[in-house]
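Hello,

Here is the structure we talked about. Please open it alongside this note; what I found follows below.

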There are 2 protein chains.
Amino acid sequence: MSDIATRVWNHKWKIDPIVRSLIDNDFYKLLMCQSIFRNRPDAHVTFSLINRSRNIRLADLIDEGELREQLDHIKSLSLTRGESTFLRGNTFYGKRQMFRSDFMEWFENMRLPDYHLEKRDGQYELTFEGKWHEVMLWEIPALAVLMELRGRAVLHDMRKFELQVLYARAMTKLWEKIGQLNELPHLRIADFGTRRRHSYLWQDWCVQAMVEGLGDKFVGTSNCLIAMKRDLEAIGTNAHELPMVFSALAGNDDELLQAPYKVLADWHEEHEGNLRIILPDTYGTKGFLDRAPDWLAGWTGIRIDSGDPAGGAETAIQWWKDRGEDPTKKLIIFSDGLDTDKIVELHNQFAGRARISFGWGTLLTNDFRGLTPDDGLAPFSMVCKAVSANGNPTVKLSDNPNKAMGPAAEIERYKRVFGVGQQEKMDVIV
Amino acid sequence: MSDIATRVWNHKWKIDPIVRSLIDNDFYKLLMCQSIFRNRPDAHVTFSLINRSRNIRLADLIDEGELREQLDHIKSLSLTRGESTFLRGNTFYGKRQMFRSDFMEWFENMRLPDYHLEKRDGQYELTFEGKWHEVMLWEIPALAVLMELRGRAVLHDMRKFELQVLYARAMTKLWEKIGQLNELPHLRIADFGTRRRHSYLWQDWCVQAMVEGLGDKFVGTSNCLIAMKRDLEAIGTNAHELPMVFSALAGNDDELLQAPYKVLADWHEEHEGNLRIILPDTYGTKGFLDRAPDWLAGWTGIRIDSGDPAGGAETAIQWWKDRGEDPTKKLIIFSDGLDTDKIVELHNQFAGRARISFGWGTLLTNDFRGLTPDDGLAPFSMVCKAVSANGNPTVKLSDNPNKAMGPAAEIERYKRVFGVGQQEKMDVIV
């Protein structure tokens, strides 16, 4: 018996929507959104898609009409009653009512603002301009849509069993990685792979495979919708956009130097425990920590998101020691371009010296490398970033010059203000 | 929307039947059945299960109650209207009405006779006794049931994603084999894997993967039900049971020596073209060919099912030359324990010297070697053979003494009568 109604229903869809929920988004975007909604409701920000992999000519691969249909569908989404109930009623990091009532009332009525789309030189110029706490919610779904549409373009010409074997290979590959990870005692690892996932269904599969394969070692997912559907912990804290926009809004060099701390002072007031995680690399980790106020050393942990991760962790451990803190009580979260070998290496190097945790992203949810003849499904490096705030360009330096962004003159100014010297260049794979 | 009725229906089954159709059977069994129905309707034969892999203790792995339920379900099967229509209306090897009306009328009313089941020393003694053309139809379903129940016992304790990755690995493995085979120009290969398949669903998947992956190089399946469902050619000719039973029915040594030709004389009268395939190894290929009448050299081809396959093919080619036949017009079918490496090797050795074709069995439909930690799903060597006819034991010598069967004294007698000397022992994997 096939269910005729289901089949007919499935054929009624004009498109197969990639993002079907406003909370098919990273949990930390919602946390930051609430913070911005309270502290910077008037900031006017532009987010922009940046495809660092210029050789992937997205505008040649993806039909503009299809892309617009997907983005228009996202614009039509609103928070469902069940999603609202989940956000209002759920315990996040042991705390109820993480989301305040005024924020939830606003969020329940929010629709994503319009987008601006143009083709240029084989790439899409996709920008979102408006209130910071609104446009910032576009980042993750926009990236997910582009990555999945590119995948669909490649999958389109594959036959039925080719497709089945493709997914069979991807499943086998992930399962072998999970087996390797499961040998690490006391591992703590989370899914951070929403933005550059192969597809929603695939991310959902990966998360469930992690649950079965790793048990308690898998601590949750950054994807709010999957956390809700699979009864998992939603994971995340804050991101570079906070110091970047705060810095762009700074009136002068002195305010600029203080901006990364000012934004964390707001956060300090709003959150405690596992949400007090320092992301120190926006303008160079070393200078940030050297100048940091002592209350920051009291925070729960640090997230290492660029540069040499072992070096970053050593820097953090030394810093805590210098500030009289016990590193073994601190949390170090690695989240930059991880794959199993690197996770095993970092785990073996730092287990016992600090509490450590891993945010595994693209190579969890999109490791289709080597699975198609011309590697047409390999993930690539694409981001969607705040590029200006109230008319001022934003800047990111990070601990890897290959991840730096912003106008050259502003980059030089930031380097001077934050005292960033020579940095080691590292390849950005994903 | 899930289909509630489907779900409820699925839960109503007391068992999950392994064999659900009388034509989930090898096509050559039906061809031979019709021939026996006409020529030897009174022969009383016993078929018996023989597990050559004594280390696989089937009675420890498989619950007797479950086995009886599956066998009882097979006893309850009768030919459906659609199956009958297919057999009556289909073209087999270009010929309509391959199955005569009197045979079809009998087959439509046939139920499989009873079985006899006992446990002994960790093995099942499973026998079928009765009219030859009835009990012979038990061979394939009995083997398929035992192999699949053994698989189910191993699969029972696996978790959901473990299972999914198991099948993902098996799919990947087969797809890689298919890719390797697809590089052979003018390959002709068929599925011969019903009897020792992992499961019905898996055989069905393998066949469909062969269709997509090999196109015209895949010439059909021995499984009559799958041929019907997937619109493929049903493939097969005749098997050892014909000369074995005819030989057991022989009154003396002279009749014995003629029995293997007598059975083919019947076949010669009934069939032509691609169904005229010699299976020469029952009592030694060399002697069989040396003594063969000239009309046999006029047959379409030969099937090599034991011994060194290249040696067997060379013997056949030389024999045709000696009899004034052109080997390049003859068909050689390899069907013994094949896997891709052997297929590639034989193809490269004989392509152009004869028309060649492969009947790929167990390592097509049950290559789960290496996919579970203790290799609990690896296929093993199990057969179901005619062991006596009208009270006389049957004997098979084959071109590999490890495949010989029958009482020792009878084996010696047959060796003397058929003039079989020293033979090379070869491992029997599947």
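A:Arg195 and A:Glu139 form a salt bridge, with their closest N and O atoms 3.0 Å apart (a salt bridge is a side-chain nitrogen of Lys or Arg within 4 Å of a carboxyl oxygen of Asp or Glu). This is a predicted model: local features need pLDDT of at least 70, side-chain atom pairs count only at pLDDT 80 or more, and totals for chains, interfaces and linings use all residues. Residues are numbered from 1 along each chain as its sequence is written, chains are lettered from A and ligands numbered from 1 in the order written, and side-chain values use heavy atoms, without hydrogens and water.

Now the domains. Chain A has domain 1 (15-156 + 381-417) and domain 2 (160-241 + 269-365), with bounds from an automatic or database domain assignment. Their C-alpha centres lie 21 Å apart. The contact (heavy atoms within 4.5 Å) takes 47 residues from domain 1 of chain A and 40 residues from domain 2 of chain A. Six salt bridges are counted between these two domains.

Next, the two copies. A rotation of 180° with 0.1 Å of shift along its axis superposes chain A on chain B, at RMSD 0.0 Å (least squares on the C-alpha atoms of residues with pLDDT of at least 70 in both). The copies are thus related as by a two-fold rotation axis. In chain A, A:Ala168 comes closest to that axis, at 2.1 Å (C-alpha). The same surface serves both copies: 100% of chain A's contact residues recur in chain B.

Best wishes
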